[in-house]
Amino acid sequence: MIGNEAPITLIAISAMLSYDNVDMKFTDGERVHFIDRKGRQYPLTLCSGKVFQFSGEKIPHDDIIGQEDGTTVTLSRGSKFIVLKPTLSEYLLKMPRGAQVIYPKDIGMILISGDIYPAARVVEAGIGSGALTMALLRAVGERGVVISYEVREDFSKRAQENIQLYYGKTNNLIIREQDIYNGIGEEGVDRVILDLPEPWRVVPHAVQSLREGGIFLCYLPTILQVSTVVRALKESGNFIHIETSETLVRTWHVEDNSVRPDHRMVAHTGFITTARKVSKRD
């Protein structure tokens, strides 16, 4: 049992945290992506007995179930698609959303900046549509645990559905239907990861919950919010190495002799602020 107070929901949603025995054949109930000749992706959840329809063409799901990852299929009028198991990044961008997701470029930085490692005990809030939660589950592995605080039942339900659809069954996610602004029930946790509008309200709770050397991390859209949380971290006297960064991603067009940066880039989406918990300084 983790924590000792608030009611918890132990979610039987468990991640494919190791690829040692992963079946590369498509199975009934699995999420796949159809890729057309222009590279566009169309998500589909396979269901035996159903038929996939696209622009008047059809293919039975049963013709796809049992095929190998990366198979090329032909629809009823001759159009060809490659069918792939989506990467986590691809899945996050196409999955159903109950709330805005954190984008893969920021999730990658959160995992590194927050130093999320196998067997870590991570408290996060809020779960949103489950994008960051899924990455955290994969990073902590089967010996770790992610405790997610979420006050909105609709967000929690959608996130659980998204996680289960991609990962299947797991036992390393705990949902606390509780407002983290009112406190954190766990002690000695390794990381506190926040995607909330007022993370400075959690700083006093993080001081009590984090182990010495643990990391506090928050993700915020505006610099005024960042300024407020940094001030709270400094005033607590319990945090050092307070750093803020943002990640910008620009892809490139590379084809024959045409090599240039793409006209559009994924620029500012949010600021990542990290701090290291230590004993209170005089």
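## Around β11

L194 sits opposite C218 in β12, a contact within the parallel pairing of β11 and strand β12 (residues 210-220), which runs over five bridges. Two strands count as paired here if DSSP finds at least two bridges between them, and the elements themselves are DSSP runs numbered from the N terminus: helices are H or I with at least four residues, strands are E with at least two. To get from β11 to β12 the chain goes through helix α5 (residues 203-209), and this β-α-β crossover is right-handed (with the strands pointing away from the viewer, the path from the first strand over the helix to the second runs clockwise).

This is a predicted model, so local features need pLDDT of at least 70 and side-chain atom pairs count only at pLDDT 80 or more, while totals for chains, interfaces and linings use all residues. Residues are numbered from 1 along each chain as its sequence is written, and side-chain values use heavy atoms, with hydrogens and water left out.

β11 also pairs with strand β8 (residues 121-125), again in the parallel sense, over four bridges; V192 in β11 is the bridge partner of V123. Strand β11 (residues 189-194) is mostly covered, with six of its six residues buried (under 20% relative accessible area; over 50% is exposed, in between is partly exposed, 1.4 Å probe, protein chains only).

R201 lies in the loop between β11 and α5. With a relative accessible area of 38%, R201 is partly exposed. Its C-alpha atom is 9.4 Å from that of G183, 18 residues apart along the chain.

## The open sheet

Four strands make an open sheet in the order β3-β2-β7-β6, with antiparallel pairing. β3 (41-45) and β6 (71-74) stand at the edges with a single partner strand each, so one side of each has no neighbour in the sheet. Neighbouring strands are turned by 35° against each other on average, direction ignored.

At one end of that order, β6 and strand β7 (residues 80-84) pair in the antiparallel sense over four bridges, with T71 opposite V83 in β7.

## α2 against α3

The axes of helix α2 (residues 104-113) and helix α3 (residues 131-140) come within 10 Å and cross at roughly 40° (axes are lines fitted to C-alpha atoms, for helices over the stretch in contact, with angles from 0 to 180 degrees between N-to-C directions). I107, I110 and L111 in α2 meet A131, L132, A135, L136 and A139 in α3, where contact means heavy atoms within 4.5 Å.
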